Amino acid sequence: MIPVLDRLSGFYNAYVLGILTIGYILGELGHYLIGVTSKQTAIELDYGDHGCQQNNSMFSRHELTTQCGDVKNETSCYALDLNGTGYCEWNYNGLGIDYQILAGPTFILVFTIAGVFMGFAADKYNRVKMLTVCTVIYGIAIFLQGTVKQYWHLVILRMIMAAGESGCNPLATGIMSDIFPESKRALVMAIFNWGIYGGYGIAFPVGRYITKLNFFDLGWRVCYLGAGVLTVIVAALTGSTLKEPERKAIGEGDRQTASGKPVTLWQVIKSPAMIMLMIAASIRHCGGMTFAYNADLYYNTYFPDVDLGWWLFAVTIGIGSVGVVVGGIVSDKIVAKMGIRSRAFVLALSQLIATLPAFGSVYFDPLWAMITLGLSYFFAEMWFGIVFAIVVEIVPLRVRSSTIGVFLFVMNNIGGNLPILVDPVAKMLGYRGSIMIFYSGFYGISSILFLITCFLLEGKPKTEEVVAAQESQHKGLGGDAVLNARPMHGHDNSVFSVDETLPSANGRPAQLQPQHLQMSNNGYDKSMPARHNGAAESSRL
């Protein structure tokens, strides 16, 4: 190898993480841009609801005796004036069921279904090549969204974009889990999955300010054209500079069940811990998607005279980034002491702390709204990377990517489609009340569900098991017997590696009792009496 390249090879893992994360950020930028450009897009493409909106920056909302949003018909809207100057207009506001369908279901429907197939394919085929093709697909789809002439064009292209982006998470997660050690897994997953919030945060200044600059008289279209070109460039780097890593098991996750058969995807998915984790993640995802799809429209509706674009960008990118990193580090540091259960505990605690300031971010005026949003983001954004660190650690190698695909299918179908209820609830309770329920309210609900999940995951090894192992050593069973009597650490995948456990009535592996520690690990202990070896060998069949 060329000396310079040999030196740079030490940074290869970090380079891979960087390329994968940038590609994910660009994909999510294309995903969330619609939430920022929706008003301009709706005016040009003729979709969504009309509303009375403030159109004159000469006045602040505090000077107005009647707010534009309080008027519900066009005639009364144009009749409002201050000192003879009209300050309202009746136009598309970017909201309505057409927008909610465009932002959520049309994307989520294809994203989730295609994601399942991508997960299965990732377990069998070259992930780098597949990821390159996927990135090209959603890059071209983002670019073409800048050329649309009708609403249905945008719908079709968002569906194509979703199909391409659906492979990003399961493919990239599989690649990263094979090149990074367990000690860095939650942090790496957190950094990568922060791409969701990175793309979402960048969408605020890009969608607001580039649209206003009106380059080449293209307005909002330049945002999509530029993002599409950058995505295709990242796809080229992915295909030309990344190599397919050797697949490896994490801990003991690829062993067989007590019956001698490989662990199946269905056995993984039907586990109570996995079911509860999917439900909790789905509810939390709904809270995040509700805010992502409605933040810019919400603040423009209630504070039309205050430009919060850079504030939203700073809070999302700056404070959100710190929260992602802190969550990953904290989770990685304590998992060895408390087992995998500690990750779920960090999830529950962080979402609980984030709930109250999340309410504040949609209750207060702009200054305190941004302060409380920052506090909420710091704790709230810990969740995504930790969730996928849990999934990776409790799932066997042979079904890892397909499990992630199914997990994303469930999480996105529930969490990604529930925000469509924001519009009908807003018509009954008001836009602010609806956002409070589906955004901050769902944060609180997810905290409770993550706490329940915590008790379904493996904790740290039982003290009596360790004592029994030590007693076995003193009784002359040999050092290998103690070493092979592996404690039930969560990060060893032992939740689904049941060849050293006894099947229980509910289908989940029961923990080994001290007397079972007299058997060696799968019968490999050579120092045990013949009758014990025979029994251990029988237990493997």
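Across the whole structure, a search finds eight salt bridges. The model is predicted, and the distances below are computed from it. Side chains of opposite charge can pair when their charged atoms come close.

One of these pairs joins Asp49 and Lys427, whose closest N and O atoms are 3.5 Å apart. The two residues belong to distant parts of the chain: Asp49 sits in the loop between α2 (12-45) and β1 (50-54), while Lys427 is in helix α19 (residues 422-429), 378 residues apart. Asp49 has a relative accessible area of 26%, so Asp49 is partly exposed. Lys427 reaches 58% relative accessibility and therefore counts as exposed, the cut-off being over 50%. The pair is also part of a network of salt bridges that links Asp49, Asp423 and Lys427.

The side chains of Asp178 and Arg127 meet in a salt bridge, with 2.9 Å from N to O. Buried means under 20% relative accessible area. Asp178, at 6% relative accessibility, counts as buried because of that limit, and Arg127 is buried as well, with a relative accessible area of 2%.

The next pair is formed by Arg284 and Glu381, their closest N and O atoms being 3.6 Å apart. Arg284 lies in helix α13 (residues 272-302), and Glu381 lies in the loop between α16 (366-380) and α17 (383-394); the two are 97 residues apart and the bridge links distant parts of the chain. Arg284 has a relative accessible area of 0% and is buried. Glu381 is buried too, with a relative accessible area of 2%.

Of the 19 residues of α10, 15 are buried, so the helix is largely enclosed by the rest of the structure. After α10 comes Asn214, which has a positive phi, near 55°.

How values were computed. Residues are numbered from 1 along each chain as its sequence is written. This is a predicted model: local features need pLDDT of at least 70, side-chain atom pairs count only at pLDDT 80 or more; totals for chains, interfaces and linings use all residues. Side-chain values use heavy atoms; hydrogens and water are left out. A salt bridge is a side-chain nitrogen of Lys or Arg within 4 Å of a carboxyl oxygen of Asp or Glu. Helices (H or I, at least four residues) and strands (E, at least two) are DSSP runs, numbered from the N terminus. Buried means under 20% relative accessible area, exposed over 50%, partly exposed in between (1.4 Å probe, protein chains only).
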